[in-house]
Amino acid sequence: MLRPGQPEVVFSPQVCYWRSLDYNEINPRFLFYLMTSHEFQSELHAVMTHGSMAADYVSLADQRNFDLTFPPIETQNTIASILGALDDKIELNRRMNATLESLARAIFKSWFVDFDPVKINAGQMPEDGHDPKVLDLFPSTFQDSDLGPIPEGWEPCVFDDLIDFVIGGDWGKETFRDDFVEEVRCIRGADIPDLQDGGVGKMPTRFIKSNSLKKRSLLAGSLAFEISGGSPTQSTGRPVLITQTFLDRIPTPVTCSNFCRFIRLKKSVSPFYVYTMLRWLYDRDEFLQYENGTTGIKNLAFKLFASTHQLLSPPEEVMQEFDRVAAGYYEMIARHGAQSQELARLRYTLLPQLLSGELPVPAALTATEEALA
């Protein structure tokens, strides 16, 4: 469904689109929710062609013969309004999270790329509201290094210098059996975008061995780092920062698949600094130079990256201050993600009840207002 301000799009021959020709008969937003309903999906799967070589297919002729329930337009408008309010809040949370992420990155760039506090201390630029306590943590001069000019007393490093422990993930088994007795949620590459946005993705439930869980259970402050997957236009190297807020939302321990690495940082190293730094490197396509495999699945040469790529190691007190500042932004991102998850769950619950008439509209309005309060 197109949203206000959304750029124009085109679609491939494998995609069709539905639209309302008369808004007095069919509310477009109601149509969108109807298409996500069990009723619509049942019609879809009833006529779906499953090919051994080709993808599943539903013809346009079959779609035109779907038997669907359309309540009066007044009811459609009400349902669209109720469910739309939930989706609008989810979208607002997404935009706020994007803003919070950009604020954390802006501070990272100012401190660790442009070195603005050093320039301020050197009298090369105005303070512009910088916290004097932060400025006191930075020197007023630069020194030459392999990375170019860096703050006096700071040191270049490689990723290995920041890591206390690293191990590959474990995909485990789909069911409880033999020695695979520990139930976990497993982070895959497909979950990473939602996890970065404060959500919990659609992590599958897997079962791994007890000794594997002891080594691979993700703890607050650790990282899951993608080392396999990607595409011609998307590199590997996407990170996920594990926070206690995230772990509190998951009913089982969390691990990552064998397409990822579990990374535990040294106690003196700020997890928010490392996470933001890895996001910075990813957005600059720095990981492309460490990828191998030109066909099929691409792999990141993690050991080569971790042992050779030059990074910056700020003093511990500077990283701790960044940790303190950035933690507030990432905590808000996590809260918005948690709220969006609950709103999506409510929308999923309300949809069939509203479409069937099982739930009175006033009750649905009350539930929505309480969730948005």
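Strand β5 (residues 182-187) pairs with β6 in the antiparallel sense, over four bridges. Two strands count as paired if DSSP finds at least two bridges between them. Strands and helices are DSSP runs numbered from the N terminus: strands (E) have at least two residues, helices (H or I) at least four. Within this pair, Arg185 has Thr205 of β6 as its bridge partner.

This is a predicted model, in which local features need pLDDT of at least 70 and side-chain atom pairs count only at pLDDT 80 or more, while totals for chains, interfaces and linings use all residues. Residues are numbered from 1 along each chain as its sequence is written, and side-chain values use heavy atoms, with hydrogens and water left out.

**Two open sheets**

The β5-β6 pair belongs to an open sheet of three strands, in the order β6-β5-β10, with mixed pairing. Its edge strands are β6 (205-208) and β10 (254-256), and each pairs on one side only. Neighbouring strands in this sheet are turned by 55° against each other on average, direction ignored. Such angles are taken between axes, lines fitted to C-alpha atoms (for helices, over the stretch in contact), and run from 0 to 180 degrees between N-to-C directions.

Another open sheet has four strands. Their order is β4-β11-β7-β9, and the pairing is antiparallel. β4 (163-168) and β9 (239-241) stand at the edges with a single partner strand each, so one side of each has no neighbour in the sheet. Here neighbouring strands are turned by 20° against each other on average, direction ignored.

| Strand pair | Sense | Bridges |
|---|---|---|
| β4 and β11 | antiparallel | five bridges |
| β7 and β11 | antiparallel | four bridges |
| β7 and β9 | antiparallel | three bridges |

Val166 stands opposite Ile263 in β11. Glu226 stands opposite Cys260, also in β11. Phe225 has Pro239 of β9 as its bridge partner.

Helix α10 (residues 271-283) lies across β7, β9 and β11 (260-265). Its direction is about 155° to that of β9.

**A helix crossing**

Helix α1 (residues 28-35) meets helix α4 (residues 73-112). Their axes come within 8 Å and cross at roughly 75°. That makes α1 roughly perpendicular to α4. The angle classes are roughly parallel under 35 degrees, roughly antiparallel over 145, roughly perpendicular from 65 to 115, and oblique for the rest.

Which residues of α1 make this contact with α4? They are Arg29, Phe30, Phe32 and Tyr33. On the α4 side they meet Gln76, Ile79, Ala80, Leu83, Gly84, Asp87 and Asp88. Contact means heavy atoms within 4.5 Å. The contact residues divide into six nonpolar, two polar and three charged. Ala, Val, Leu, Ile, Met, Phe, Trp, Tyr, Cys and Pro count as nonpolar; Asp, Glu, Lys and Arg count as charged; the others, Gly among them, are polar.

**Pockets and a cavity**

Spaces are found on a 1 Å grid over the protein atoms alone: a cavity is a set of points where a 1.4 Å probe fits but cannot get out, a pocket is an open set with protein on both sides within 12 Å along at least five of seven lines, and lining residues have an atom within 4 Å of a point. Grid points are joined across faces, edges and corners, and a volume is the space filled by probe spheres set on the points.

The largest pocket has a volume of about 1100 Å³. It is lined by 30 residues, and Val15, Cys16, Tyr17, Trp18 and Met35 lie nearest its centre. Helix α1 gives the most to this lining, with four residues. By class, the lining has 22 nonpolar, five polar and three charged residues.

The second largest pocket holds about 690 Å³. Of its 22 lining residues, Asp194, Ser340, Gln341, Ala344 and Arg347 lie nearest its centre. The largest share of the lining, seven residues, comes from α12. Its residues divide into four nonpolar, eight polar and 10 charged.

There is one cavity of 30 Å³ or more. The largest cavity has a volume of about 190 Å³. Of its 13 lining residues, Leu195, Gly198, Leu241, Thr243 and Ala334 are the closest to its centre. Helix α12 gives the largest share here too, with three residues. The lining is made up of eight nonpolar, four polar and one charged.
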